[in-house]
Amino acid sequence: MGTCLVDLFYPKAGLAGMQLLKNAGVKVIYPGKQTCCAQPSFNSGYRKEALPVARSLMKCFPKDIPIVIPSGSCAGMIKYHWSELFEGESDIEKALSVAERVYELTEFLVDKLNVELTDLGEPTKIAIHTSCSCRNEMKVADRIESLVSQLSKVEVLEQERKPECCGFGGTFAIKQGDISGSMVKDKTDILKATNASCVVSQDCGCLMNIGGALEKQNSKLKTQHIAQFLWDRTNAAN
Amino acid sequence: MQQIKSLENRIDEALSNEQLHTNFRSAMSYLMEKRRDQFPDEKQLKNDREISSTIRSHAVAQLSELLVKLEENLEKNNIKVHWAETDLEANNIVYQILKDANAKSVVKGKSMVTEEIELNEFLDNKGIEILETDLGEFLVQLANEKPSHIVMPAIHKNRKEISKAFFDHFPEFPYTEDVDLITQQVRKILRERFRKADAGISGVNFAVAETGTLCLVENEGNGRMCTTAPPIHIAVTGIEKVVEKLSDIPPLLDILTKSATGQEITTYFNMISSPRREGEKDGPKSMHLVLLDNGRSKIHQNNDMQETLKCIRCGSCINHCPVYTQLGGHAYGTVYPGPIGITLEPQKQGITQLGELTSLCTMCGACGEVCPVQIPLPKLINKLRSEAVEGNNTNELIEGTRSKRKPLESLAWKIWKQVYSSPFIYSIFSKIATKLNFISPKKLGKWGKYRITPRPSKHSLKELANQAGFDHE
Amino acid sequence: MNNSREIILERLKNNANETSHVKVNVAKKTYHWSKEEMIAKLSEKLQSARAESYVLSDAELIDWLNVELPKRGIKNILIGTSIAKQISQYINNEIAVIKYEESYESWSEKLFNETDASITTTIGAIAESGSIVLHPTPHEPRLMSLVPNIHIALVYEDTIYETFDQIISTQHWSENMPTNALLISGPSKTADIEQVLAYGVHGPKELIVLILTS
């Protein structure tokens, strides 16, 4: 599954994820009718609107095979919150069976595929931003660290207050724009202070937030999704 | 509570206050680190949280029986029990006790529940002098402010601000910013007050039904002063603070102090089971407990939200909340701020008045991860959001369901639903968004103030996947 | 008032939401410490909380009182009526012994303003948290361990327990709670001003624990 954000805004990251899986010997299917996990409206309280969207997505995954998602937030939504969304609904069992099969991308690469990566890139220093959903919900904060640690020419720089939320929170960034703005400023200050050349993350929501802010600040600090980063580093082709 | 400024104004004020930002940053980092140091073993922590969660779940589930048992055992011990459905009732009960005893001066230990009912203001209006004795609360009272955190009430103030407020009030002391000296001066001032007070008022951390015992944690000694020196002791508590057995106390005490202030244990743990008995030479001659409902029994009836009542008021969720760190406590405009505040207060005071508070949350989940009794705070906050915009109008358990539903927003989500629940419509939308990606919204609320506005790519992932030859089925 | 009670209880009873009665296995913590280890742990914890602790035999106790009380500038000391006779033997003549004989009201000013120190017994201590445990009695009233600036507490080594839970169950607290049970784990303190620690706020500024062997 690509996720709605990746489909429209970070398609290359999604493709990179699929290629990484393919390289590891997995047959990757991209269901053409997928749309969204329904988190945006669920988190805004509009569960009635979320249900049909979730149902439409559910139809894309009829087979009992793993569903890999390049986003902790979307993976978490399906895996842990579809049970709430579908509570009392007649198709809850079906929803739960989909939820059971969900993996976040780095989780799948490490836990199920045991990928081995060879670094073909130039030496570089990066910072890792773990999304709150990867850290607190999916509990896969260490998977991104473990993948990056396999890249011999990549140095991961330490940062202050690493677990702190970047302020995205989906619609929070719109509804409480100033608080969100203050939070992303604090986060970008910390990231810039590491002197890394790139910030890498498992979630595009955070990247849109942090990357967008860095760009507005005219910073040279780049951002990239982990899938894109890993693909570039292990293939050297641009 | 009087809301003179709107939530929006209070948020603006908080965000533009650099000093506040700095104070809270350093305070929250300090508290989080102290807590982390107390829980070095992940597995042990998980186990401890499960135990505490179970104890509190059972207590909340059996609340009516336990309260009856508590009352029985307290009365056996000569502690008079009073029940107050509302804050006004509670205030009147306290006032009546003081009036009957002709009590004119009262010393008070830190108690969030008395903040909740605005006891100080009530007694003040009746001409009874009531003095906060917890150092943080004392300093906040001097500055004529409200506490900004449930455990560390003066956390929003730095040394300079504190010294100024103190010496404005007590010009007889030489000005200093030395913490030790200020503390000694406060000790001097309050000592005589403790000795001469007509009554002492306190909260309760845990009320043990099995033995009729009220338990209090503290570091300063003011709590013990308030509950031991004056001839009358009035304790006020929310009805949810009861636990079943004495053996429930050690695990709860342990996780409370470690979560709240990162201490293995507080200086004093005070377990009171009776006023002064025959032959004893000190202790209050009479003791009262006021059991406050103020919306709690209604929350209890709401199965979805009942877990809110497990809270042991440690403040850990508040310390870890990134939004609270940005705003501080006052911006919330409620007695309880942070994650527990935005969960509890709309349920107590209604969604119409306080529904907006649920937007003060990024759903980062940090609060749920640290709650010592495993209250699923993000889940409860999300449920309140749902109640606020599409709740069932016949649900009488929370006031104001559906009151935050806005026509524009609900229309937007309806359109979103149409697009995203239909692969066909979505494919059209996707084509338009990508091919015409040079047209992107200039404004997305305040998004553009802090970041560049995102643009859809020229090609969707679906297209790229196609091109790269990935199967669809 | 009665009406409120009924209203509240009615609401609470009506909700038949019984959580499952599966109790989590509350395996009580045991450390299997030896007596020496318990004494060491207790001392370590007390000292890290800025209390003082000394391990003394009976003879050493007498010496300690003789030397330390005057050394610390203590001019008078408050003692409970049960041990007053015994202890006052060991105290220098220059130091006045005050017995807590009368009820608090009759001498509160002296207690608050003119009492330098107190010495109390304890019913035990908890090694894990570094706490001493007091059950005040008619002989040793509550304020003894709170008001004077210096509190000296006598802990008998055989009454040191590993955990809070152990002392509660071993001493059968649930069957008979005293009017006021106290756990004291250090001198009074606060961190309310910029999280900077300050001692001796309202309770004693000094807590001295004498762990008595034999």
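Reader: How many residues of chain A are in contact with chain B?
Author: This is a predicted model, in which local features need pLDDT of at least 70 and side-chain atom pairs count only at pLDDT 80 or more, while totals for chains, interfaces and linings use all residues. Residues are numbered from 1 along each chain as its sequence is written, chains are lettered from A and ligands numbered from 1 in the order in which they are written, and side-chain values use heavy atoms, with hydrogens and water left out. Taking contact to mean heavy atoms within 4.5 Å, 66 residues of chain B meet a set from chain A that numbers 71 residues.

Reader: Which helix gives the most to the side of chain A that touches chain B?
Author: Helices (H or I, at least four residues) and strands (E, at least two) are DSSP runs, numbered from the N terminus. Several helices of chain A each supply at least two residues of the side that touches chain B, among them α1 (4-9), α2 (11-23) and α11 (177-193). The one that gives the most, with 9 residues, is α11(A).

Reader: How many salt bridges are there between chain A and chain B?
Author: A salt bridge is a side-chain nitrogen of Lys or Arg within 4 Å of a carboxyl oxygen of Asp or Glu. One example joins the side chains of B:Arg25 and A:Asp186 at 2.9 Å, N to O. Between chain A and chain B the count is 8 salt bridges.

Reader: Which chains have the most contacts among the pairs that touch?
Author: Chain A and chain C do not touch, their nearest C-alpha atoms being 18 Å apart. Where chain C meets chain B, the contact takes 80 residues from chain C and 92 residues from chain B, and about 7,500 Å² is buried between the two chains, 55% of it on carbon and sulfur atoms. Among the 2 pairs of chains that touch, the most contacts are between chains B and C.

Reader: How many salt bridges are counted between chain C and chain B?
Author: In one salt bridge the side chain of C:Arg5 meets that of B:Glu71, at 2.6 Å from N to O. The count between chain C and chain B is 7 salt bridges.

Reader: Which residue stands opposite B:Asn270 in β9(C)?
Author: Two strands pair if DSSP finds at least two bridges between them. Strand β9 (residues 268-272) of chain B and β9(C) run antiparallel and are joined by 5 bridges. Within β9(C), the residue opposite B:Asn270 is C:Leu182.

Reader: Why is one side of β1 and β3 of chain C left without a neighbour in the sheet?
Author: Chain C has an open sheet of 6 strands with parallel pairing, in the order β1-β12-β7-β4-β2-β3. Because β1 (52-56) and β3 (96-99) of chain C stand at the edges, one side of each has no neighbour in the sheet, and what each has is a single partner strand.

Reader: At what angle to β1(C) does helix α3 of chain C run?
Author: Axes are lines fitted to C-alpha atoms, for helices over the stretch in contact, and angles run from 0 to 180 degrees between N-to-C directions. Helix α3 (residues 58-71) of chain C lies across several strands, including β1, β7 (150-156) and β12 of chain C. Its direction relative to β1(C) is about 140°.

Reader: Which residue is the bridge partner of B:Val106 in β3(B)?
Author: Chain B has an open sheet of 6 strands with parallel pairing, ordered β1-β10-β7-β4-β2-β3, and its edge strands are β1 (79-84) and β3 (129-132) of chain B, each pairing on one side only. Strand β2 (residues 105-108) of chain B runs parallel to β3(B), joined by 4 bridges. In β3(B), the bridge partner of B:Val106 is B:Ile130.

Notes. Buried area is the accessible area (1.4 Å probe) that two parts lose on being put together, summed over both.
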